[in-house]
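Have the viewer open as you read along.

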Amino acid sequence: MTWDQRAALLEVKDLKVHFPVRTSLMTQMVQGNRGQRWVKAVDGVSFSVARGRTLGLAGESGCGKTTTAKTLVRLYRPTTGQVVFEGTDIANLGGRELTSFRHRAQMVFQDPYESLNPRFNVQAVLEEPLVIHGMKSAKERLARVMETLEIVGLTPPSVYLSRFPHQMSGGQRQRVAIARALVLRPSFVVADEPVSMLDVSIRAGILNLMKQLIRNMNMAGMYISHDLSLIRYMCDRTGIMYLGRIVEIGETDDVVRKPMHPYAQALLSAVPVPEVTHEEIKVPLEGEPPNPVDLPPGCRFGPRCGRRMDICTRVEPRPMAVGNGRWVECHLYRQTPDQADQEMVGNE
Ligand code: SF4
């Protein structure tokens, strides 16, 4: 099943990332592996991203969006499922193949101050990945570094080469972090809350920069945030995550203007979208998400859902196509058997 209709650079199929819950040595000796419990951080997500397009992932803290992002750049290994990047499943890459993949897939982290080595100046920060990936000529490396600094708007580049992270503003540091992600000219970039640590006054500049770069350099992008107004600005498609599942995904305008899943509706109620045409739906979001180690039977959003039905406590909803490349995991949009048959034919 492919979520985006365009030719995908990255296809994620039923991805699961589970982490073992640590137990005491005594428990391990008594129970062995029998009592092993798992945190289901990502629990069966599927989507694709095409070149020139950006997919946003939104949801509360702990919903699995950062784990998904880190798995896409192989900072975590998938437990099961596939991450197919340019036709190759990256799950078991090693050695040179993994290095080559890392060349093409990069991540921008939330806190530029923590993600940059304080003992490296800008030139050293940006040259390091070039050295690791085999660019031997110092002259070529310097030219690439200068060019990349220009791309991210740190001009004239020569002024910034010798600066250390503590000698720059938050916005300049995040531009350096973006430059480090771009210096290898990747085809896929994931940004995890890249402006949440920055002043509001400089957020727009960073967001505009990232949006333009993804389009101009024909990369595929992924943008992770809990702020739906930023997702709306940045992303062509948007997925809403809840407890390890994508409960709704579709074109950003469709999802933000008229969310269908009760959780997406609640999330949009909580995050004001400054647009007069936005269809305002007030859906309270009560309670806390259940423990990801002990998920409730049926729909995992059930205990917090005001529209819960009998079937919701018994049967876990599966993704259902609702038109225009949009999918919703909710029994409110149950298909008739005829519709399900048609959908299967369409996916074959
Ligand atoms: Fe609510 Fe049921 Fe839909 Fe879950 S499946 S979101 S409980 S209506």
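Is Glu-316 buried, partly exposed or exposed? Glu-316 counts as partly exposed, at 31% relative accessibility; here buried means under 20% relative accessible area, exposed over 50%, and partly exposed in between, with a 1.4 Å probe and protein chains only.

## About the model

This is a predicted model, in which local features need pLDDT of at least 70 and side-chain atom pairs count only at pLDDT 80 or more, while totals for chains, interfaces and linings use all residues. Residues are numbered from 1 along each chain as its sequence is written, and side-chain values use heavy atoms, leaving out hydrogens and water.

Side chains of opposite charge can pair when their charged atoms come close. With a salt bridge defined as a side-chain nitrogen of Lys or Arg within 4 Å of a carboxyl oxygen of Asp or Glu, the count comes to 16 salt bridges.

Glu-316 meets Arg-300 in one of them, at 2.8 Å from N to O. Both residues lie in the loop between H12 and S11, so this pair ties together parts 16 residues apart in sequence. (Helices, H or I with at least four residues, and strands, E with at least two, are DSSP runs numbered from the N terminus.) Arg-300 is buried, at 8% relative accessibility.

Arg-300 also forms a salt bridge with Asp-43, where the closest N and O atoms are 2.9 Å apart. Asp-43 sits in strand S2 (residues 38-50), so here the parts tied together are 257 residues apart in sequence. Asp-43 is buried too. A network of salt bridges links Asp-43, Arg-300, Glu-316 and Arg-318.

Arg-304 belongs to the loop between H12 and S11 and Glu-60 to the loop between strand S3 (54-58) and helix H2 (65-72), so the pair joins parts 244 residues apart in sequence. Arg-304 is buried at 9% relative accessibility, whereas Glu-60 is partly exposed at 23%.

Now to the helices. The buried residues of H6 (residues 138-151) are Arg-141, Val-145, Thr-148 and Leu-149. They pack against helices H5 (122-132), H7 (157-160) and H8 (170-182), contact meaning heavy atoms within 4.5 Å. After H6 comes Gly-153, with a positive phi near 85°.

Gln-174 is found in helix H8 and is buried, with a relative accessible area of 0%. Among the residues that Gln-174 touches are Val-108, Phe-109, Pro-194 and Ile-206, not counting residues up to four places away in sequence.

Technical notes:
The expected span of a helix is 1.5 Å times one less than its number of residues.
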